[in-house]
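Visitor: I would like to walk through this structure with you. May I ask questions as we go?

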Amino acid sequence: MSQSFGNITDSSLENALNHPELKKYWNLTKDSIEVCKNCEFRYICTDCRAYTEQTDINNEGLDISKPLKCGYNPYTGEWEEWSRNPLKQKAIEYYEMQDLI
């Protein structure tokens, strides 16, 4: 996500959880996330949406993009190594994740 709700070095968990912008995401489920809403694994997915593809925003301005680290395509039933996908390279650069992959 491009938004930050606190930094562990200077914010408490309580302050981050009470952040008004975070509360907007509180009830957002996989049934509302683009691509995920069509995935047969959505109810068992660990959902690391801290990093998203940043491709879809809903009417309320919330990022409803698929998790960046997901390599599954529910439309074809195929898995791929997510970090090698050329379409995800821009997001990897944005999040400065080059050293993590």
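The questions below move from the overall fold to single residues.

Visitor: Which element has the lowest mean pLDDT?

Guide: The mean pLDDT of the protein is 85, and 95% of its residues reach 70 or more. Among the elements, S1 has the highest mean, 93. Where pLDDT is low, the predicted coordinates should not be read in detail. The lowest mean, 75, belongs to helix H3 (residues 89–94).

Visitor: What does the C-alpha trace span along its principal axes?

Guide: The protein has 101 residues, and buried residues make up 29% of them. Its C-alpha trace spans about 40 × 30 × 25 Å.

Visitor: How much of the accessible surface belongs to carbon and sulfur atoms?

Guide: The accessible surface of the protein comes to about 7300 Å². The share of carbon and sulfur atoms in that surface is 50%.

Visitor: Among contacts between residues at least 6 apart in sequence, what share joins residues at least 24 apart?

Guide: The count takes contacts in the protein between residues at least 6 apart in sequence. Those that join residues at least 24 apart make up 40%.

Visitor: Is Thr52 buried or exposed?

Guide: Thr52 is found in the loop between helix H2 (20–23) and strand S1 (72–73). Its relative accessible area is 0%. The cut-off is under 20%, so Thr52 is buried.

Visitor: Which side chain does Thr52 join in a polar contact of 2.5 Å?

Guide: Thr52 belongs to the loop between H2 and S1. Its side chain makes the 2.5 Å contact with the side chain of Asp63.

Visitor: How many salt bridges does a search of the whole structure find?

Guide: Lys24 pairs with Glu21, Arg42 with Asp31, and Glu34 with Lys37. The search of the whole structure finds three.

Visitor: Why does Lys24 count as partly exposed?

Guide: Lys24 lies in the loop between H2 and S1. Its side chain meets that of Glu21 in a salt bridge (3.1 Å, N to O). Glu21 is partly exposed, with a relative accessible area of 28%. Lys24 falls between the 20% and 50% cut-offs, so it counts as partly exposed, at 46%.

Visitor: How far apart are the closest N and O atoms of Arg42 and Asp31?

Guide: These two residues form a salt bridge, with the closest N and O atoms 2.8 Å apart. The pair links distant parts of the chain, 11 residues apart, with both residues in the loop between H2 and S1. Asp31 counts as partly exposed, at 38% relative accessibility. The N to O distance asked for is 2.8 Å.

Visitor: What is the relative accessible area of Lys37?

Guide: The side chains of Lys37 and Glu34 meet in a salt bridge (3.1 Å, N to O). Glu34 counts as partly exposed, at 24% relative accessibility. Lys37 is also partly exposed. Its relative accessible area is 33%.

Visitor: How far apart in space are Lys24 and Lys37?

Guide: In sequence, Lys24 and Lys37 are 13 residues apart. In space, C-alpha to C-alpha, they are 19 Å apart.

Visitor: What is the phi of Val35?

Guide: Val35 lies in the loop between H2 and S1. Val35 is partly exposed, with a relative accessible area of 22%. It is not a glycine, yet its phi is positive, at about 75°.

Visitor: And what is the phi of Gln54?

Guide: Gln54 is placed in the loop between H2 and S1. Gln54 is partly exposed, with a relative accessible area of 32%. Although it is not a glycine, Gln54 has a positive phi of about 55°.

Definitions and conventions
Residues numbered from 1 in each chain as written. Predicted model: local features only at pLDDT ≥ 70, side-chain atom pairs only at ≥ 80, totals over all residues. Heavy atoms only, no water. Helix = DSSP H or I, 4+ residues; strand = E, 2+ residues; numbered from the N terminus. Buried < 20%, exposed > 50% of the residue type's maximum accessible area, 1.4 Å probe, protein only. Polar contact = N/O pair within 3.5 Å; in protein donor to acceptor, adjacent residues only side chain to side chain. Contact = heavy atoms within 4.5 Å. Areas by Shrake-Rupley, 256 points an atom, 1.4 Å probe, with all protein chains shown as cover. Salt bridge = Lys/Arg side-chain N within 4 Å of Asp/Glu carboxyl O. pLDDT = per-residue confidence, 0-100.
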